[in-house]
Amino acid sequence: MEHIELFFKSIFIDNMVFATFLGMCSYLAVSKKVTTAVGLGAAVIFVMAITVPLNWLLDTYLLKDGALAWLGPEYAEYDLSFLSFIMFIATIATMVQLVEIIVEKFSPSLYNSLGIFLPLIAVNCAILGGSLFMQSREIQSLGLAFNYGVSSGIGWFLAILAIASIREKIRYSNVPPALRGLGITFIVTGLMAIGFMSFGGMLTGGDEEEVPAETTVVISVEQQNDIANNTKVIE
Amino acid sequence: MGLLSKRDTKLITDPLADNNPITIQVLGICSALAITAELEASIVMSIAVLFVLGLGNVVISLMRNIIPSKIRIIVQLIVVATLVIIVDLVLKAFAYQLSKTLSVFVGLIITNCIIMGRFEAFALANGPWKSFLDGIGNSLGYAVILIIVGFFRELLGSGSLLGFPVLGDAIEKTGVYAYGYENNGFMLLAPMALITVGLIIWVQRNKSKALIED
C-alpha cells in the first residue's frame, strides 16, 4: 500500500516538472520532437532507478547524522551530511559514465537510442533533485527509494512526452510571432501544471476526515477515565 | 575606463538583455521558477548564483589547460559542488529560515544549467578575468529575471514586498483592499511562475524583433 501510494504520488501529485520545476532545461531544449523526447525520458527513468537507491545507501550508511555507527561506537557522533551534495553529484556523474560504457559494450542498439542523451543527463536537475528530495523527505527503505526513483522518472517522462506532442501540433497554429517557440512553451507548460494540480486530492481525499474523528474518540475516552478517576479521588 | 575595456563591458551588459541566460539561452530555469514566490528568496538565490558562477568561472578558467576533456564534466561538477556547499553552510549559519525556504534548491545550483553552460561555452576557452566578467554578467542577467518574477508574484500573490505589506492589510481591509481588491493566491502556486516567465519573454521579444523564433 505504501508503495502504491508513493508511486502515484511521485508521478502525478509531486510531478518533477509541474510541481517542482526540475529538469526544465532539458525539458525545454529536447522537446521539439516526440522521438527524441521519448529517448531522453527513457534515459531519465533508467538513470534515476539506479542513482536514487544508490544515493539512499550512501545517505543512510555514510552521510546521515549517526550513520557511521556501524563502524563502531566511537564513530556514532559523526554527521557528514554537509558532504551530501558533492557525494550525490559524484555518484550521479560516475554512474552515468559507467552506464554509458556498459550499455555501449553490451547493447549497441540501446546505446544508439539512449547514448547521445546520457551525457546530458549528468547535469539534469531532475536526477540530482530526485536524490535531494529522497534525502529531505526521509524515505524509509531501499525498496521505497527505488520506487521513488522509478516513479519520479516516469512522471518526468510523461511530462516531456506530453509537451513534445503539443509542440509538434502547435507548429500548425497561428501563435503571435513574439510568443513563438519558447514563450508559448512556457505558457502551455503552465497550463499543463494547472491541470496536474487537480491530481492533488487524489490520495488524501478520503483519509483526512477519518483521522481526527478517531483521535477525538480516544481523547474523550481518556477524559472519561480522567473524570472517573477524579470522581474516585474526590469520593 | 581603465579597468574595463569596451569588450569587457559588453561581457557584462550583453546577458542583461539581448543574450539573457533565462529568456534567450534557456539556461537555469529549474531553480528560477521554484523559489520566486517571495522576492527575498529570489534575491538570495541570485546572490548565491552570482557567487558560484563568478568564482567557478575563474577556477575553471585557471584550470582549463590541465583538465582532460574526457572527464571535464566531473571536474566541473566537483568545482561547483564545493562552491555550493560553501553557500549552503553560510546560508544555514546566517539565514536559517531562508535556507529552509530554499530547501533543496540551493543544492540544485550544482546542476543549474547556467553554470555548466557558461563553463562549457566560455570559461574553458577564455582567461580568468574575462571569465569572471562573463560569470558576473550572466548571473546578473539571471538575477534580473528572478527579481522581476519574484516582484510580481509576491506583490500580486500576497500583497507584500520583501515581507512588508505594501498594498494594505488584507484582513482589516485597509489600503487597496478597502476598494474590494483581493490577493490572487494563484500567483503563489507553481504554474503562474511559468506563465509569468512566458509573458516576460513575450514582452521582450516584442521589443526586439531580432529575437523572434520562426
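1. A salt bridge is a side-chain nitrogen of Lys or Arg within 4 Å of a carboxyl oxygen of Asp or Glu. By that rule, the structure holds four salt bridges over all chains. The model is a predicted one, and the points below should be read with that in mind.

2. Chain A first. Its secondary structure comes to 11 helices and zero strands. Chain A has 235 residues, and 44% of them count as buried. Its accessible surface is about 12000 Å², with 65% of that belonging to carbon and sulfur atoms.

3. How much of the contact in chain A is between residues 24 or more positions apart? Among contacts with a separation of 6 or more, such pairs account for 77%.

4. The side chains of A:Asp14 and A:Arg137 meet with 3.5 Å from N to O. The two residues are 123 apart and link distant parts of the chain. A:Asp14 sits in the loop between helix H1 (2-13) and helix H2 (16-20) of chain A, while A:Arg137 sits in the loop between helix H8 (125-136) and helix H9 (142-170) of chain A.

5. Are these two residues buried, exposed or partly exposed? A:Asp14 has a relative accessible area of 24%, so this residue counts as partly exposed. A:Arg137 is at 36%, and therefore also counts as partly exposed.

6. In chain B, the side chains of B:Asp88 and B:Lys92 form a salt bridge at 3.4 Å, N to O. Why are they separated by about one helical turn? Because the two residues are four apart in helix H4 of chain B. B:Asp88 has a relative accessible area of 10%, which means that B:Asp88 is buried, the limit being under 20%. B:Lys92, at 42%, is partly exposed.

7. A further salt bridge of chain B joins the side chains of B:Asp134 and B:Arg118, at 3.1 Å from N to O. B:Asp134 lies in helix H8 (residues 128-158) and B:Arg118 in helix H7 of chain B, so the pair ties together parts that are 16 residues apart in sequence. B:Asp134 and B:Arg118 are both buried.

8. Next, the interface. On the chain B side, 43 residues are in contact with 43 residues of chain A. The two chains bury about 3600 Å² between them, and 86% of that area is on carbon and sulfur atoms. How many salt bridges are there between chain B and chain A? The count is zero. The count of residue pairs in polar contact between the two chains, with both residues at pLDDT 80 or more, is also zero.

9. Which elements of chain B give two or more residues to the side that touches chain A? They are helix H2 (29-34), helix H4 (72-94), helix H6 (104-107), helix H7 (113-123) and helix H9 (190-207). H9(B) gives the most, with 12 residues. By class, this side of chain B has 31 nonpolar, seven polar and five charged residues.

Key. Residues are numbered from 1 along each chain as its sequence is written. Chains are lettered from A and ligands numbered from 1 in the order in which they are written. This is a predicted model: local features need pLDDT of at least 70, side-chain atom pairs count only at pLDDT 80 or more; totals for chains, interfaces and linings use all residues. Side-chain values use heavy atoms; hydrogens and water are left out. Contact means heavy atoms within 4.5 Å. Buried area is the accessible area (1.4 Å probe) that two parts lose on being put together, summed over both. A polar contact is a pair of N or O atoms within 3.5 Å; within protein, one must be able to donate a hydrogen and the other to accept it, and residues adjacent in sequence count only if both atoms are side-chain atoms. Ala, Val, Leu, Ile, Met, Phe, Trp, Tyr, Cys and Pro count as nonpolar, Asp, Glu, Lys and Arg as charged, and the others, Gly among them, as polar. Buried means under 20% relative accessible area, exposed over 50%, partly exposed in between (1.4 Å probe, protein chains only). Accessible areas come from the Shrake-Rupley method with a 1.4 Å probe; for residues, only the protein chains shown count as cover.
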